[in-house]
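Please look through the sequence and the model before reading on, and keep both in view while you follow the text.

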Amino acid sequence: MKNLQKGFTLIELMIVVAIIAILAAIAIPAYQDYITKSQFTESQTVADGLKTPIQEFYTQNGTCPQVGTAGSGLASNVASYAGKYVASASVGTSTTAGTLCPITVTFKAASVAKQLVSATVVFNGTDNGGTFSWKCTSAVADKYKPDACR
C-alpha cells in the first residue's frame, strides 16, 4: 500500500507568505495617502459652508464679513467651523484682486495624518461681476490634495 501525503510543502507556504508580504508593502503606503487625502477634503467641506454667506454679505455690503458679525450669516462661535480633522476656519478682510475674503482653514495638531498637522488651506475668492469663484492654495504636497486644490 502506498502512503499519500496531503497538504502543502514548506516552500509552497513560504512563497504564498512572500507574495502576501509584497502586496502589503505596496498597499499600505497607498492606503495612507488615501487617508491623508480624505482628511484634507474636510477643509473643502468646512469652507463650502462659509462661501455662500460670504458671497451674499460681500454683494450687499462691499466688505468681507467676520465670524460673529451681526447679519453676516456666519456663526458667532468659531468652534462651529471645526470638524474631526479641522481645528478652525476664519475669514480674512482682504479685498485685493485675487484674495477677496480669504477663508483660512487650519487642521488640528493631533488626530490627523502627519502631513496635515497644523497645516492651513486658504480659499481665495474672486468677484466676477456678481458671481464668485474660489481658488484653493496650500503648502501640503499635491498628492494629498483633491483635484480642486492643485
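This is a predicted model: local features need pLDDT of at least 70, side-chain atom pairs count only at pLDDT 80 or more; totals for chains, interfaces and linings use all residues.

Residues are numbered from 1 along each chain as its sequence is written, and side-chain values use heavy atoms, with hydrogens and water left out.

**The strands**

Helices and strands are taken here as DSSP runs, numbered from the N terminus, where a helix (H or I) has at least four residues and a strand (E) at least two. Two strands are said to pair if DSSP finds at least two bridges between them. Strands β1 and β2 pair in the antiparallel sense over five bridges, and in this pair V91 stands opposite I103 in β2. Five bridges also join β2 to β3, and these two strands run antiparallel; here T104 has V122 in β3 as its bridge partner. Strand β3, residues 120-127, pairs in turn with β4 in the antiparallel sense over seven bridges, with N124 standing opposite K135 in β4. The strands β3 and β4 form a hairpin with four residues between them, and G129 in the turn has a positive phi of about 75°.

How far a residue is covered is described by its relative accessible area: buried means under 20%, exposed means over 50%, and partly exposed lies in between, with a 1.4 Å probe and protein chains only. By this scale β2 is mostly covered, since six of its eight residues are buried.

**A closer look at S138**

S138 belongs to strand β4, which covers residues 132-138. Is S138 buried or exposed? S138 counts as buried because its relative accessible area is 18%, which is under the 20% limit. Which residues does S138 touch, leaving aside its neighbours within four places in sequence? With contact meaning heavy atoms within 4.5 Å, they are F40, T120, V121 and K145. The side chain of S138 also has a polar atom 2.9 Å from the backbone oxygen of T120, and a polar atom of this side chain lies 3.2 Å from the backbone nitrogen of V140.

**Salt bridges**

Side chains of opposite charge can pair when their charged atoms come close. A salt bridge is defined as a side-chain nitrogen of Lys or Arg within 4 Å of a carboxyl oxygen of Asp or Glu. A search of the whole structure finds four salt bridges, and the table lists some of them.

| Salt bridge | N to O distance |
|---|---|
| K143 and D33 | 3.8 Å |
| K145 and D142 | 3.3 Å |
| D147 and R150 | 3.2 Å |

The side chains of K143 and D33 meet in a salt bridge. This pair links distant parts of the chain, with K143 in the segment after β4 and D33 in helix α1, 110 residues apart. K143 is partly exposed, with a relative accessibility of 49%, and D33 is also partly exposed, with a relative accessible area of 26%.

**Loops and surface**

In the loop between β2 and β3, S111 has a positive phi of about 65° although it is not a glycine. S118, which has its place in the loop between β2 and β3, has a positive phi of about 55° although it is not a glycine, and it counts as partly exposed at 42% relative accessibility. G73 is found in the loop between α1 and β1 and is exposed, with a relative accessible area of 61%. The C-alpha atoms of G73 and K143 are separated by 34 Å, and these residues are 70 places apart along the chain.

Finally, M14 lies in helix α1, which covers residues 10-61, and M14 counts as partly exposed at 48% relative accessibility.

Note on methods:
A polar contact is a pair of N or O atoms within 3.5 Å; within protein, one must be able to donate a hydrogen and the other to accept it, and residues adjacent in sequence count only if both atoms are side-chain atoms.
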